[in-house]
Amino acid sequence: MRSIRKHSRGATTSAGRAMLAALAAALLAANSGAQSGQSVPDVTTLSMEDLMNMQVTSVSKRTQKVADAAAAVFVITQEDIRRSGATSIPEALRLVPGLEVARIDENKWAIASRGFNGRFDNKLLVLIDGRSVYTPLFSGVYWNVQDVMLEDIDRIEVIRGPGATLWGANAVNGVINIISKKAKDTQGGVVSAGAGTEERGSSSARYGSTIGNTAYRAYGKYFNWGPSLYSSGTTAHDGWDELRGGFRADWTPAGANSLTLQGDIYQSKYGETLTVPSLSAPYSSTFPNNGNYSGGNILGRWNHSSEGSSMSLQMYYDNTTIADNSLFVDHQNIFDMDFQQGFHVGDSQQFVWGLGYRSIRDRNDSSFSVSLQPNQVTLNHFSAFLQDEVSLVDNRLRLTFGSKFEHNDFTGFEVQPNARLLWTLTPNQSVWTAVSRAVRTPALTEEGLRLNSAVIPPATLTNPTPFPAVVTVFGSHQFQSEDLLAYELGYRVQVTSSLSADIATFYNNYSNLRTAEPGVPSLEGSPAPTDIVIPFFAANKMSGGTYGAELFADWKVIPKWRLVGSYSYLQMDIRKDSDSLDPTADNPNGSSPRHQWYVRSSIDLPMHFEDDTTLRFVDHLPSLNIPSYYSLDAHLGWRPVQLVEFSIGGQNLLNNQHLEFIPDFINTAPTVVKRTVYGSLTFRF
Amino acid sequence: MLRRLGILIAILGMTLNWTSAADAQAGDADSSEYLIKAGFIYNFAKFVEWPSAAFSQPDSPIVIGVIGTDPFGSVLDHIVEDKKIGPRGFVVKRFKGGKDLKDLKDCKILFVSASEKAHVDEILQSVKGLPILTVGETSGFAERGGVIRFTLEDNRVRFEVNVEAAHQADLNISSRLLTLARIIPQTAATGRNPG
């Protein structure tokens, strides 16, 4: 096993070189290639409603209606964010039908799509302006530091279901794309300040301007959250703050090229109540713990678009440092390069292909409870994808098919194909279906982690020996990728110009899911004192199916009143394989809600007032012992003049408090989501 | 194996790139925006009724004028080429703009480019009372007496309609178009000028 991996690691460099050569060739070909010829899509066949739904630009620089996507796509617009009163990205994500958003404490979230929720949920890929914020350390997202100037978000595109063909490994159950506005759309200044019962204070400022062909903006923001409560009602130790700044510059000379340069830098301090085991009595300690997240990133993107084709080359560097001194310190440097090109072939085909390279350097310091081997490592990751979109039967039937091919240092080569079919029944109705494969590749922790999760005191019923017994989870070099084969079917209808509905259904078949298999206990002499290690090794001995449906409807009752509603259902049937000896319960099944729904009303009131009220229901989580809850959130905005906005929002108005989640792996005390009120004032100039 | 795949991808990449060269055309970075807007202009022609006296013949073409720097490139021409609304075809004409406002009266639709920002009032004044659907995108275009103004919201094209201005131009705008529009009142300053 080990030797096979070594071998493929050697082959990696030559594959990488070939890809770089292809990239260079593509760039040369492209520069000489922009010539005459026509292929203008016939927009006269589209109704005005269709035209109004068309996005002017999209991530791949392609004009595409959400209604034309053969996937469960949902878009949160800037207007949605503003009117919801959300002050963070996780809170804004609660607007997505079927997405599971649970707060663990003030600074930690568990967010998942289509099941398997957890603080270290590893099946949801998240990108901010094309930069992946999914950490290869534990395969998941540090939600607390994924932040931007919310006013500068253009939209958040959420794809539920696999997106691996375009986005690569780990886009298993969903992809979230946070897309910021172009600098030319954020000209002028915004100054905002707010205060509330939980988020005690926040302030942000942005200024944008133009020099010649270059539009730019810069922003800075700070917020501070006070502590919440433990479910017992006593004050917790989970307050946090964040200081962040950044910029974006878009250079758009006349012609087909444009360049973007953007970057951010941040620092965040947080508190939590941590329980860690120890080798001496009382064999475990619980204490208030403080930590620090800091980092920065810089990204450059070159776009070349002409009527028949578009291409982009993007590079970024991202640095993340997590300093949780009682637990783990990790420094990660990621360099990523991505090229993609899309073009029409004749009238009926649209081809997209791309190449990517990523280098990950990780360095870490361990503690008694968490350690990672090796403590310094560099990983290389290569990828390529091809996708073709063919229009069949007079634009009524569209077939999209393609595959991602990638190579990582742990499992070698991974192929992730998909095929999608969109059938436009009438101009107002469409049906889509898709079959896709996606993999979730091993995280550094699954290869080399040692997590001492508990110590059983000596001379007790469960441990009659004279030594303390340490229950330890180890990563394993044998750990393989988790596999998904997904089948999706969806329907969209525009009933009238004011009423539309969308339903997405899926059946997901997983194999090689992670389990912890027991090994042979052994005596460990150092560090003193002598203890017995009861080991569990990461393995791939769980599989099964999940199915579900997500419904969404949007009704503009009258021009000034919009009602949207969503209902989602999820059934998970995940079982350990017969040869698995993992003693824990079939845990993923009960950690995601079976039913979720919300109804949201947005009213434009006289005198430039706006009212938004949302009632949400989240079903109970049986394996975590979390009861179901309702949450009523309301937001009132007032813009007496265009340039000034007052905003007041309340969350969880129905109850005093509710608990949303219990964390996994790292034992931090969960805290409740309280009834909160938050107000802010925004000036634009 | 990997090396071979890499080479395959490289070759495939280059081949496909040459194919694309034939289809590609250098254009505006935001060409999609004006493609959508061209689609709207075609729809406006469908949902606006001109007085019959506005056309010399029953099959006279609908003349679309673009005044100032043309943001459409050849897109608009391609969109309306060979298209007919009833018996009428389309003709696209371009005008230099600036102070040169001759010959605008033949237009049935007049797109006022953003380059004419400084001359919007003069242009609107010169076509006042004529059955011309003026379409613009500079801020305040509809308030100042233009009939339709394009806006962008959340990356989508929206439009405003000044019903009063349409009425003054003797244009009958279908309710289907009006329900999708944001209705803009004419500002008092312009309203005071008798048509």
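Which residues does Tyr317(A) touch, not counting residues up to four places away in sequence? I started there. The model is a predicted one.

**Entry: Tyr317(A)**

I listed the contacts of Tyr317(A) and found Asn297(A), Ile298(A) and Phe335(A), with residues up to four places away in sequence left out. I then looked up where Tyr317(A) sits. Its place is in strand β16 of chain A, which covers residues 309-324. Tyr317(A) has 16 other C-beta atoms within 10 Å. Buried would need 20 or more, and exposed 12 or fewer, so Tyr317(A) counts as partly exposed. I also took one C-alpha to C-alpha distance. Tyr317(A) and Arg358(A) are 9.8 Å apart in space and 41 residues apart in sequence.

**Entry: an open sheet in chain A**

I traced a sheet of 5 strands in chain A. The sheet is open, its order is β1-β8-β9-β4-β5, and the pairing is mixed. I wanted the edges. They are β1 (72-77) and β5 (131-132) of chain A. Each has a single partner strand, so one side of each is left without a neighbour in the sheet. I followed β1(A) to its partner. β1(A) runs antiparallel to strand β8 (residues 153-160) of chain A, and 6 bridges join the two. Within this pair I noted that Val75(A) stands opposite Glu157(A) in β8(A).

**Entry: nonpolar cores**

Which members of the largest nonpolar core touch the most other members? I found Ala92(A), Leu93(A) and Ile111(A), in a core of 78 residues. Leaving aside neighbours within four places in sequence, Leu93(A) is in contact with Leu99(A), Val101(A) and Ile111(A). I also logged a second, separate core of 52 residues. Ile62(B), Phe95(B), Ile109(B) and Val120(B) are included in that second core.

**Entry: chain B**

I moved on to chain B. Chain B has 195 residues, and 42% of them count as buried. I counted its elements as 7 helices and 9 strands. I then looked at contacts in chain B with a separation of 6 or more. Residues 24 or more positions apart account for 60% of these.

How do strands β2 and β3 of chain B pair, parallel or antiparallel? I read the pairing as parallel, over 6 bridges, between β2 (residues 62-67) and β3 (residues 90-95) of chain B. Ile64(B) stands opposite Val92(B) in β3(B). I checked what goes with the two strands. β2(B), helix α3 (residues 75-80) of chain B and β3(B) make a β-α-β unit, and I noted its hand as right-handed.

How values were computed. Residues numbered from 1 in each chain as written. Chains lettered and ligands numbered in written order. Predicted model: local features only at pLDDT ≥ 70, side-chain atom pairs only at ≥ 80, totals over all residues. Core = buried A, V, L, I, M, F, W, Y, C linked by C-beta atoms within 7 Å. Contact = placed C-beta atoms within 7 Å. Helix = DSSP H or I, 4+ residues; strand = E, 2+ residues; numbered from the N terminus. Pairing = 2+ DSSP bridges. Right-handed = clockwise from strand over helix to strand, strands pointing away.
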